[in-house]
Structure formats: structure tokens, C-alpha cells
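The following questions and answers concern a single protein chain. Please consult the sequence and the model while reading.

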Amino acid sequence: MADELPTAIRRERLLTGGFTCLFDPRHVRLRKLTEREYFAREHIIVSYNGDLRGVVEDYLGKARNIRCSVSSFANLGALIDGTAMLATVPALVAEQIRQVRPHLRTAPLPFAVPLGTMELLWPVATDDDPPCRFARAHIQQIARAVAAK
């Protein structure tokens, strides 16, 4: 769940699920990902506010070697592709990325973290904007369909 947000931002929980580690096997050779190797490697994280911490830092209290932080999952596959960086992402996101980039692989995290929540965030000012309401409704519909699987 996102940290406390300004009152001008609304949120809605869409999906809940586990995490996995996404990587490019052409640059990262893994038989079994160990905690030591996980923390020794460079990471890319997705952070809506651009900070350098995520679920791993929050839950384990250990810092990763963050090389890059991006605000969206949209280009994560392209950023991992061709690098030795790891990305700890929701398993559902990893599945979607691998549909476009099937050569990427996943590995179970070498430690336990709690389930994560994907949320839809939007400015209150767009609550009654018809195109924004249309887009939110379709995102919500897709999330319901995915959750039903």
C-alpha cells in the first residue's frame, strides 16, 4: 500500500498478491537465488514517489543496492532486458512482462515478504471528468477479471 498520500489523491485497492524476482538470464546466472546474492546485486525498483526503498527495505530493514528507481511498471521489462539488474515485482506484473519478453525469467525471493497490494491512484480533481472515469472503470474491470482467475 502506498504511504500516506495528500488529500488531493484518491486510492482504490485493485489486487493483492506475492512477489518474485525478475531478471535477464543472459546477464544473471542463477541456479537458486540466495539472500546473499540477492543483496550483492544491483536492483531496479518501482516507486510511485521516486524514493529508493520498497517492500524489501520496509519489511526486512535491509538496504538493497538500488541502481535505478522508476515510477511505473510500464517500462520495467525494457529496463531489465540486457542488464544484470534484478527487479522485485508482484508476480502478476512479472507474468505480464514475460508475455512481451519471454526470455526474461523469475526466481523465488530467498526470504519471506508479506503480500503486496496494487492500487489505483488518481487526483480528486478528476473524479467527475468523463474520460478519466472511463479509464478508471476499465482499469477496475480488468483488475476484477484478473483477480477472478
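**Contacts, sheet and rings**

Q: Which residues does Leu79 touch, not counting residues up to four places away in sequence?
A: Contact means heavy atoms within 4.5 Å. With residues up to four places away in sequence left out, the partners of Leu79 are Ile44, Val70 and Met85.

Q: On what kind of model and numbering do these values rest?
A: Residues are numbered from 1 along each chain as its sequence is written, and side-chain values use heavy atoms, with hydrogens and water left out. Local features need pLDDT of at least 70 and side-chain atom pairs count only at pLDDT 80 or more, while totals for chains, interfaces and linings use all residues, since this is a predicted model.

Q: Is Leu79 buried or exposed, or in between?
A: Leu79 is found in helix 3 (residues 76-80); helices (H or I, at least four residues) and strands (E, at least two) are DSSP runs, numbered from the N terminus. Buried means under 20% relative accessible area, exposed over 50%, and partly exposed in between (1.4 Å probe, protein chains only). Because its relative accessibility is 32%, Leu79 counts as partly exposed.

Q: In what order do the three strands of the open sheet run?
A: Two strands pair if DSSP finds at least two bridges between them. The pairing in this open sheet is antiparallel, and the order of its three strands is 5-2-6.

Q: Why is one side of strand 5 and of strand 6 left without a neighbour in the sheet?
A: Strand 5 (87-90) and strand 6 (105-107) stand at the edges. One side of each is left without a neighbour in the sheet because each has a single partner strand.

Q: Which residue of strand 5 is the bridge partner of Leu22?
A: Strand 2 (residues 19-23) and strand 5 pair in the antiparallel sense over four bridges. In strand 5, the bridge partner of Leu22 is Ala87.

Q: What angle does the direction of helix 4 make with that of strand 5?
A: Helix 4 (residues 91-100) packs on the sheet and touches strand 2, strand 5 and strand 6. Axes are lines fitted to C-alpha atoms, for helices over the stretch in contact, and angles run from 0 to 180 degrees between N-to-C directions. The angle between the directions of helix 4 and strand 5 is about 105°.

Q: How is the aromatic pair of Tyr38 and Phe39 arranged?
A: Rings of Phe, Tyr and Trp (its six-membered ring) pair if their centres lie within 6.5 Å; planes under 30 degrees apart count as stacked, over 60 as edge-to-face and the rest as tilted. The centres of Tyr38 and Phe39 are 5.1 Å apart, with 80° between the planes. The pair is therefore edge-to-face.

Q: Which residues do ring pairs link into a cluster?
A: Tyr38 counts as buried at 0% relative accessibility, and Phe39 is buried with a relative accessible area of 15%. Ring pairs link into a cluster Tyr38, Phe39 and Phe111.

Q: Which residue has its charged end over the ring of Phe39?
A: A charge sits over a ring if NZ of Lys or CZ of Arg is within 6 Å of the ring centre and within 35 degrees of the ring normal. The charged end over the ring of Phe39, 4.4 Å from its centre, belongs to Lys62.

Q: How far apart in space are Thr34 and Pro108, C-alpha to C-alpha?
A: Thr34 lies in the loop between strand 2 and helix 1 (35-40). In sequence, Thr34 and Pro108 are 74 residues apart. In space, their C-alpha to C-alpha distance is 9.6 Å.
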